Amino acid sequence: MRVKKFNNRKILEYALQNCNVVLFIDRCQLLPNAFKKIFEMILEVEGVSEEDFLSELRLSNVDNLCERYFSNEKIKYCIDLYAPYSSNYCFSYDVHITHSIANTLYNAYYQYNKNKFLLENCDSLILKRDVYFDKPVSNYITEYYFHINNEIQGKILQKKYGILYIHIA
């Protein structure tokens with residue numbers, strides 16, 4: 001029999017019902033300093049708190065935000081100061097500015113959702129461990145093992161926390 005449509009949700013539901021541990025992998029432990037400074041400038045320009053901004057942020061809106069922030073001189077100056085353009089990049093200065101804004105928003109959103117999930121589900125945490133390896137980009141990750149209960153299962157299926165790396169064990 002040939003599979004015509006691959007249904008990730010059904011596989012996820014099956015795994016959650018038949019396994020008892022879920023593993024969240026954190027590949028991005030801290031917001032890099034340049035992204036922190038750029039994000040602080042975005043918050044200053046918006047005039048809102050980090051919590052308010054991130055709770056309202058939708059990844060589907062990042063492109064629109066990049067366009068809006070691209071023309072803001074304060075944000076561009078901050079990017080030039082903390083993440084300067086290099087002639088080694090294989091893309092233009094304009095693309096560099098857009099990528100810096102987008103990466104900042106994605107990283108801040110990821111950290112916000114990760115921290116929120118860890119805080120709300122600390123009672124189900126079985127094990128937290130740092131795994132070290134020799135890679136040029138990043139040399140460690142943090143693994144969080146959680147016991148699967150109905151609450152965690154529901155949150156995962158509802159995609160309540162946005163982007164998290166999930167592995168069912």
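## A walk around helix α5

Start by selecting Tyr77, which sits in helix α5; helices here are DSSP runs of H or I with at least four residues, strands are runs of E with at least two, and both are numbered from the N terminus. Before you go on, note that this is a predicted model, in which local features need pLDDT of at least 70, side-chain atom pairs count only at pLDDT 80 or more, and totals for chains, interfaces and linings use all residues. Residues are numbered from 1 along each chain as its sequence is written, and side-chain values use heavy atoms, with hydrogens and water left out.

Stop 1: Is Tyr77 buried or exposed? Tyr77 is exposed, with a relative accessible area of 56%. The words have cut-offs: buried is under 20% relative accessible area, exposed is over 50%, and partly exposed is in between, using a 1.4 Å probe and protein chains only.

Tyr82 is partly exposed, at 35% relative accessible area.

**Stop 2: Lys76.** Stay in helix α5, which covers residues 73-82, and pick Lys76. Which residues does Lys76 touch, leaving aside its neighbours within four places in sequence? They are Phe70, Tyr93 and Ile97, where contact means heavy atoms within 4.5 Å.

Lys76 is buried but has no salt bridge, a term for a side-chain nitrogen of Lys or Arg within 4 Å of a carboxyl oxygen of Asp or Glu. For charges, Lys and Arg count as positive and Asp and Glu as negative, while His and the chain ends are not counted.

**Stop 3: helix α4.** Move to residues 62-70 and highlight Val62, Leu65, Cys66 and Tyr69, which are buried. Look down the axis of α4: these buried residues fall within an arc of 105°, so they line one face of the helix. That arc is taken from the directions from the helix axis to the C-beta atoms. On the other side of α4, Asp63 and Glu67 are exposed. The buried residues pack against α2 (33-46), α3 (50-56), α5 and α6 (93-120).

**Last stop: the whole chain.** Zoom out to see 7 helices and 4 strands. Of the 169 residues in the protein chain, 38% are buried.
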